[in-house]
Amino acid sequence: MIPTIKLNDGNEMPQVGFGVFQIPNHLEARSTVEAALSNGYRLIDTAEAYNNQLAIGEAISRSSTKREDIFLTTKLWVSNFTYEKAKQAIDHDLQELKTDYIDLFLLHQAYGDVAGAWRAMEEAQKAGKIKSLGVSNFWPAQLKNLELMMNVKPVVNQIEVNPWFQRTQEVEWNQKEDVAVEAWAPFAEGKNGIFTNKLLRQIGEKYGKTPGQVILRWLLQRNIILIPKSVHVNRQKENITLFDFELSMEDMNLISTLDRNKSQFFDHHDPDTIEQIFGSSLRELRL
């Protein structure tokens with residue numbers, strides 16, 4: 001049984017879920033999510049930018065798992081970060097996902113008309129289209145600014161967390177703020193030999209677990225929500241078999257020594273990076 005985390009709005013969210021980033025092929029995305037639901041996953045995480053919402057909607061509607069037993073997350077992309085565009089995008093997402101409601105709806109980034117988009121999300125929540133509101137890739141100052149502007153407090157901040165980028169102070173700040181932390185890229189997409197790391201292998205051998213399972217258990221014990229992805233059924237099963245062992249404090253401390261304190265992908269503080277990744281979408285909003 002996967003444990004849940006109680007969010008600050010009273011809703012409960014599974015602590016282990018399934019991410020679908022980088023599965024744009026329709027049939028593969030649909031079959032992968034169908035397999036994940038069959039293997040016991042109940043949290044499914046997608047986004048407008050992943051271009052697979054139609055496939056996810058089909059997988060959920062075809063599954064024997066009841067919709068009310070699935071916790072479905074999607075994210076608003078920055079090209080829809082205005083009040084009017086966000087309202088339209090939410091209805092479009094519901095249509096693509098073949099559902100009457102979304103369990104958790106996130107702002108995907110912290111740039112553009114965040115306030116306007118959030119206002120549309122608050123209205124959608126009041127209308128019953130969204131159950132919980134959250135953010136992704138927000139630094140503490142950005143999250144606090146949103147809290148000061150708006151009426152509804154975010155329940156989740158989905159950020160990059162993995163052994164190479166542990167973000168200890170940020171995780172603790174979010175949790176003290178009563179905002180749950182959800183880790184994307186918990187395996188750092190395999191960068192820098194994470195699955196063959198000597199320390200992670202040695203720790204895994206003590207418990208009869210793989211380095212991947214050690215990483216996920218380390219995140220669980222930090223009270224972080226995680227959404228590992230795999231298109232392989234055996235890895236899906238492996239990534240959810242995390243509740244028959246517990247890392248010692250010594251092993252938790254050893255893993256902390258792996259921290260490189262650097263994103264394995266991009267720096268959200270760098271204006272050039274922001275322009276490069278989000279620039280075209282932001283320019284659209286200014287037209």
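Predicted model: local features only at pLDDT ≥ 70, side-chain atom pairs only at ≥ 80, totals over all residues.

Trainee: Fine. How many residues are in the largest nonpolar core?

Mentor: The largest nonpolar core has 74 residues, and I56, L107 and L219 have the most contacts inside it. A nonpolar core is a set of buried Ala, Val, Leu, Ile, Met, Phe, Trp, Tyr and Cys residues joined through side-chain atoms within 4.5 Å. Buried means under 20% relative accessible area, exposed means over 50%, and partly exposed is in between, using a 1.4 Å probe and protein chains only.

Trainee: What does I56 touch?

Mentor: Leaving out residues up to four places away in sequence, I56 touches V20, A29, V33, I44, T46, L72 and L97. Contact here means heavy atoms within 4.5 Å. There is also a second, separate core of 12 residues, and I5, L104, V156 and A180 are among them.

Trainee: Why group nonpolar residues at all?

Mentor: In soluble globular proteins, nonpolar side chains tend to be buried together.

Trainee: Switching to helices. Which residues of α10 are buried?

Mentor: D251, M252 and I255 are the buried residues of α10. They line one face of the helix, because they fall within an arc of 105° seen down its axis. That arc is taken from the directions from the helix axis to the C-beta atoms. Helices (H or I, at least four residues) and strands (E, at least two) are DSSP runs, numbered from the N terminus.

Trainee: And what is on the face turned away from the buried side of α10?

Mentor: That face carries the exposed residues M249 and E250. The buried residues of α10 are covered by elements including α7 and α8.

Trainee: Now K75. Buried or exposed?

Mentor: K75 counts as buried, at 0% relative accessibility. This lysine lies in strand β5, residues 71–76.

Trainee: What polar partners does the side chain of K75 have?

Mentor: A polar atom of the K75 side chain lies 2.8 Å from the backbone oxygen of T46. The K75 side chain also makes a polar contact of 3.2 Å with the side chain of Y50. A polar contact is a pair of N or O atoms within 3.5 Å; within protein, one must be able to donate a hydrogen and the other to accept it, and residues adjacent in sequence count only if both atoms are side-chain atoms. Beyond its neighbours within four places in sequence, K75 is in contact with residues including D45, L106, H108 and Q158.

Trainee: Next, where is W164?

Mentor: W164 is in the loop between β8 (156–160) and α6 (168–176). W164 is buried, with a relative accessible area of 1%. Residues up to four places away aside, W164 touches A188, N192, L258 and Q264, among others. W164 and N192 are 28 residues apart in sequence and 8.8 Å apart in space, C-alpha to C-alpha.

Trainee: What does the side chain of N162 reach?

Mentor: The N162 side chain reaches the backbone nitrogen of W164 at 3.1 Å. N162 lies in the loop between β8 and α6, and is buried at 0% relative accessible area. Apart from neighbours within four places in sequence, N162 is in contact with A185, P186, A188, W218 and Q264.

Trainee: Last topic, rings. How many aromatic pairs are there?

Mentor: The structure holds 6 aromatic pairs. One of them is Y207 with F245, a tilted pair at 5.6 Å centre to centre and 50° between the planes. Rings of Phe, Tyr and Trp (its six-membered ring) pair if their centres lie within 6.5 Å; planes under 30 degrees apart count as stacked, over 60 as edge-to-face and the rest as tilted.

Trainee: Where do Y207 and F245 sit in the chain?

Mentor: Y207 is in helix α7 and F245 is in the loop between α9 and α10, 38 residues apart, and the pair links distant parts of the chain. Y207 is partly exposed at 24% relative accessible area, whereas F245 is buried at 8%. Ring pairs also link W184, F265 and F266 into a cluster.

Conventions
Residues numbered from 1 in each chain as written. Heavy atoms only, no water.
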